[in-house]
Amino acid sequence: MRWLFSLALTAMLMGAAIAQEAKLAEPLEARAQNLFEELRCVVCQNQTIGSSDADVARDLRSVVREKLTEGMTNQQVKNFLVARYGEFVLMKPAFAWHTVVLWVAPFALLVLGGIMAWLSAKRRRTVSTAKLSADEEKRLEALLNTPKK
Amino acid sequence: MIVELGHLALVLALSLSLIQSVVPVVGAFRNEPRLMATADVSSVGILFFIAVAFGALTYAYVTSDFSVVNVWQNSHSQMPLLFKYTGTWGNHEGSMLLWVLILALFAAAVSVFGKSLPMTLRAHVQGVQAWMLLTFLLFILFTSNPFERQPLALEGQDLNPILQDIGLAIHPPMLYLGYVGFSITFAFAVAALMEGRIDAAWARWVRPWAVIAWLFLTAGIAMGSYWAYYELGWGGWWFWDPVENASFLPWLTGTALLHSALVMEKREALKIWTVLLAILTFSLSLLGTFLVRSGVLTSVHTFATDPTRGLVILVILSAFVGGSLFLFVLRSNRLEAGGLFAPMSREGALVFNNLILSTSAATVLIGTLYPVVYEAITGAKISVGPPFFNLTFGPLMIPLLLAMPLGPLLAWKRGDLYAALQRLWFAFGAAVLALILVGGFIEGGPWLAPVGIALAVWLMVGSFAEIAQRANFRTAGLRTGFARLAGLPRTTWSTALAHFGTGLMTLGIVAVTAYETENVAQLKPGDTVRDGEYTIRMEGFTNRTGPNFTQSGVLLTVKKEGKVIATAEPSRRFYPARQMPTSEADILTFGFSQLYFSTADAQQEGTATVRIWWKPYVLFIWVGPIIMVLAALLSLSDRRLRIGGATRAARRRKEDGDALAV
């Protein structure tokens with residue numbers, strides 16, 4: 001009994017016993033690893049649960065593995081964690097009404113910028129071929145009609 | 001006593017900048033040369049006094065004068081001497097002082113090197129610079145005074161341990177030189193708007209300053225990235241961390257500015273756009289300062305922050321950005337557009353460059369600010385992490401990298417795309433070869449990796465297409481070819497080198513992202529673990545004591561083909577003064593690749609958790625920017641692009657002409 005106790009204590013003391021974490025059978029483990037990179041370690045500074053050694057990250061990793069074993073899809077696992085920790089936990093914000101500006105803006109801006117560049121180029125071309133003023137026309141006329149000596 | 005002298009010097013600098021804010025501008029308005037000339041003296045005086053103040057603060061740090069609140073909060077008597085020097089700017093007050101010191105440096109540079117500028121333009125530029133100096137000196141003196149005293153304390157509270165690193169000695173000053181360097185282009189842009197006049201000479205003047213700021217910013221960001229790579233112990237080199245983004249934003253628009261100023265200088269086109277970019281670039285620098293200094297963002301960089309200061313910086317930010325943009329809207333229609341060009345031309349290519357760079361800057365800006373704004377409006381927190389930036393910024397870069405070798409091959413005004421593509425057949429062949437070799441012979445990695453590497457090779461080889469074309473070895477023969485190479489303008493070489501550096505960086509990024517391996521092992525003394533062709537053996541634990549920390553580590557030996565080739569000692573440090581642990585990764589370099597070791601806290605029961613990364617060609621990520629910086633230096637050495645301006649160049653041209661005549 002004592003050896004069991006000390007084993008449990010050791011396991012508790014292992015701050016970052018990642019190697020000891022029970023890995024899943026292969027197709028599931030790969031999915032788990034992918035999920036780790038998309039979930040934020042909520043107490044860390046900008047780290048995913050895959051890269052963090054914090055206790056919370058370790059707990060979350062085991063939660064993800066557990067839920068995947070239970071047969072949840074990736075999206076269901078994410079939904080489960082969002083329900084617990086809020087959307088803050090998602091490194092990649094979901095595409096929804098409240099993030100539509102975020103996701104669409106880059107491509108909208110590219111198209112908009114392209115159109116503006118095209119329009120201004122077009123305007124420039126028309127400006128340059130603007131008609132001469134009456135005065136200039138007269139001078140041109142005079143120049144063209146000067147007989148060669 | 002010396003500390004009070006520093007305080008006094010800061011007040012004197014403030015009063016001089018008050019004078020410079022008014023007198024030269026009035027002088028320009030009334031066209032009185034004597035009033036305008038005062039700025040030449042006052043700007044040097046401001047630099048002198050701020051330097052004295054900075055020196056006084058450094059003195060307080062080096063002598064560990066804990067009667068100064070700022071020193072007491074951020075230093076420790078046992079800290080190594082180097083970090084006592086660098087600790088001067090490892091805190092809010094000191095870094096703001098460094099910020100204005102550099103601002104004053106650039107303001108004085110305009111006075112010293114700008115003798116050839118039109119008098120009113122120079123006076124306006126100096127006036128705008130004085131407004132900035134005045135504002136930030138007021139900010140320092142009233143909200144962030146580094147010279148505040150307190151009853152003597154015996155021991156300091158130590159500098160944040162992760163800042164106790166040689167990387168910090170160089171990274172912030174570099175970054176600030178870049179950030180604040182763009183204050184010159186900003187001042188020029190505002191001055192041009194005030195004058196309502198702008199021409200190619202303006203661009204010729206602005207471009208070298210933009211190059212200087214850009215090269216420091218590039219070096220600063222690259223260095224910061226390497227610092228994060230080895231100091232944080234996470235194995236990553238870019239985290240899309242808000243503060244990283246804040247420094248990346250002015251880099252993106254600054255890079256766009258370099259290219260659009262080129263169009264303006266050579267072809268008098270894109271004037272209004274260039275002015276806008278100059279304003280935006282410095283605005284983003286200010287925004288970066290605000291984001292870092294205000295504590296709006298949670299990040300590894302937000303040491304010593306205070307919300308009230310954040311509010312003041314926000315007001316300053318709005319005043320400068322809003323004011324300059326208002327002036328832009330009001331006056332930009334006075335600036336004449338000039339220079340016509342067909343869409344397929346060098347100008348067109350540079351417009352494309354600007355379109356992509358500005359869009360990607362906007363993307364990064366939105367991604368960085370979205371969580372902040374979202375939380376302010378709804379109260380709910382969301383994360384915008386690396387996956388967002390990889391999905392948006394990444395695709396935006398691809399067309400830019402593809403088009404990069406093409407731009408320099410297109411002629412001004414009207415280019416021939418087909419001819420330009422023909423000159424790139426060699427680069428195309430090299431890229432296809434790389435695609436086949438990598439795709440066929442390297443196992444593992446995502447299927448896109450060979451494509452990424454082919455893109456990098458296309459860029460690296462294609463960058464030299466312009467030079468190859470100009471030398472024209474095939475028809476001209478070796479000797480004439482080499483003579484031509486030597487005779488090429490340095491800016492041509494610098495374009496090729498800078499683009500090549502971008503390609504090399506791309507190669508490193510693709511290689512590491514696609515082929516790096518991570519291995520997490522639980523090791524007891526005597527255990528071994530294999531990583532590729534290397535065998536790593538755990539030898540035992542180490543314990544060391546530093547001047548202001550204790551360190552416990554894991555001793556590893558690395559074997560290749562049965563022979564020990566290196567040892568590594570990843571460790572954890574503990575700094576008792578701040579009760580803070582840090583991770584000390586150990587990195588072994590093999591050519592351009594690295595083995596990266598870091599260890600976690602756990603060391604109980606004789607085992608240690610060690611993370612081992614194999615990072616193939618990771619050093620290219622930083623060698624690329626080093627080459628870009630060298631390229632920028634090379635372009636500055638081109639006699640056509642001197643900050644000294646036209647007089648010297650004109651004189652030399654005359655001398656050259658005389659020599660030819662003889």
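Q: At roughly what angle do the axes of helix 5 of chain B and helix 6 of chain B cross?
A: The model is predicted. Helix 5 covers residues 92-113 of chain B and helix 6 covers residues 119-143 of chain B. Their axes come within 10 Å, and the crossing angle is roughly 165 degrees.

Q: Is helix 5 of chain B roughly parallel or antiparallel to helix 6 of chain B?
A: The axes cross at roughly 165 degrees. Angles over 145 degrees count as roughly antiparallel. Therefore helix 5 of chain B and helix 6 of chain B are roughly antiparallel.

Q: How many nonpolar residues does the contact of helix 5 of chain B with helix 6 of chain B have?
A: Helix 5 of chain B contributes residues including Val100(B), Leu103(B) and Ala107(B), while helix 6 of chain B contributes, among them, Met132(B), Leu133(B) and Phe136(B). By class, the contact has 1 charged residue, 3 polar and 14 nonpolar.

Q: Which residues touch the most other members of the largest nonpolar core?
A: This core has 180 residues. Its largest share, 19 residues, comes from helix 8 (residues 200-231) of chain B. The residues that touch the most other members are Val100(B), Leu103(B), Leu133(B) and Phe188(B).

Q: Is Phe574(B) buried, exposed or partly exposed?
A: Phe574(B) lies in strand 6 (residues 571-575) of chain B. A residue is buried with 20 or more other C-beta atoms within 10 Å and exposed with 12 or fewer. Phe574(B) has 16, so the residue is partly exposed.

How values were computed. Residues are numbered from 1 along each chain as its sequence is written. Chains are lettered from A and ligands numbered from 1 in the order in which they are written. This is a predicted model: local features need pLDDT of at least 70, side-chain atom pairs count only at pLDDT 80 or more; totals for chains, interfaces and linings use all residues. Axes are lines fitted to C-alpha atoms, for helices over the stretch in contact, and angles run from 0 to 180 degrees between N-to-C directions. Helices (H or I, at least four residues) and strands (E, at least two) are DSSP runs, numbered from the N terminus. Angles under 35 degrees count as roughly parallel, over 145 as roughly antiparallel, 65 to 115 as roughly perpendicular and the rest as oblique. Two residues are in contact if their C-beta atoms, placed from the backbone, lie within 7 Å. Ala, Val, Leu, Ile, Met, Phe, Trp, Tyr, Cys and Pro count as nonpolar, Asp, Glu, Lys and Arg as charged, and the others, Gly among them, as polar. A nonpolar core is a set of buried Ala, Val, Leu, Ile, Met, Phe, Trp, Tyr and Cys residues joined through C-beta atoms within 7 Å.
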